[in-house]
Amino acid sequence: MARVFAVLGALLLAASVFLGAYGTHGLYQGGAAAAEVRAWDWANQMHLAHSLGLLLVAMLARRQPHSLFYKLAGCLLIAGLALFSGTIYLKALGGPDLAALTPYGGMALALAWLSAAVATWRDMRVKP
């Protein structure tokens, strides 16, 4: 699972660069409303940060490949990114307004970090 998270993290990082560039050169210069551009930028910042986080979870998961909490953290990061950043990107592009799902993405991201905290606590505890 760690390899899957690492590859997805790297691909998501590449996507965040492309989407960030589109936000700057496509949306902003294309005359999008300021609120749409701000929302896109926020979605992109969260996308970038949590994609890096997915790489971190992948590295930590290598230490404990059978840890349910690292697996949960990685899956929640992926789902959270899709629901949080994905719904904001879609709306800014004129797609369906799925804003009702956006908070669930934020909750998934927070739960991912709590799961990673539990996994790390368990992984790094002193063993007799």
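Predicted model: local features only at pLDDT ≥ 70, side-chain atom pairs only at ≥ 80, totals over all residues.
A residue counts as buried when its relative accessible area is under 20%.

**Entry: the whole chain**

I began with the overall layout. I found four helices and zero strands, and reading along the sequence gave me the pattern α-α-α-α. I then looked up the extent of the C-alpha trace, which spans about 60 × 25 × 20 Å along its principal axes. Of the 128 residues in the chain, 36% are buried. The accessible surface comes to about 7,600 Å², and carbon and sulfur atoms hold 72% of that. For contacts with a separation of 6 or more, I see that 76% join residues 24 or more positions apart.

**Entry: alanine 92**

Back to the residue from my opening note. Alanine 92 sits in helix H3. Which residues does alanine 92 touch, leaving out those up to four places away in sequence? I wrote down Leu27, Glu36 and Trp40. I also checked alanine 92 against glycine 23: they are 69 residues apart in sequence, yet 9.4 Å apart in space, C-alpha to C-alpha.

**Entry: helix H3**

Next I followed H3 itself, residues 68–92. How far apart are its end C-alpha atoms? They are 35 Å apart, and the 25 residues at 1.5 Å a residue should span 36 Å, so the two values agree. My next note on H3 is a kink of about 30°, centred on glycine 86. Just after H3 I stopped at glycine 94, which takes a positive phi of about 90°.

**Entry: serine 115**

Then I moved to helix H4, residues 102–123, where serine 115 is found. Is serine 115 buried or exposed? Its relative accessibility is 4%, so serine 115 counts as buried. Not counting residues up to four places away in sequence, serine 115 touches Phe69, Leu72 and Ala73.

Met1, Val4, Val7, Leu8 and Leu11 make a nonpolar surface patch of about 430 Å². I picked out valine 4, which has its place in helix H1, residues 2–28. Valine 4 is partly exposed, at a relative accessible area of 44%. I jotted a reminder beside this entry: an α-helix has 3.6 residues a turn, so residues three or four places apart point the same way.

Methods: Residues numbered from 1 in each chain as written. Heavy atoms only, no water. Patch = residues over 30% accessible without salt bridge, like charges linked within 9 Å, V, L, I, M, F, W, Y side chains within 5 Å. Areas by Shrake-Rupley, 256 points an atom, 1.4 Å probe, with all protein chains shown as cover. Salt bridge = Lys/Arg side-chain N within 4 Å of Asp/Glu carboxyl O. Helix = DSSP H or I, 4+ residues; strand = E, 2+ residues; numbered from the N terminus. Buried < 20%, exposed > 50% of the residue type's maximum accessible area, 1.4 Å probe, protein only. Contact = heavy atoms within 4.5 Å. Expected span 1.5 Å × (residues − 1). Bend = angle between axes of the 7 residues up to and from the residue.
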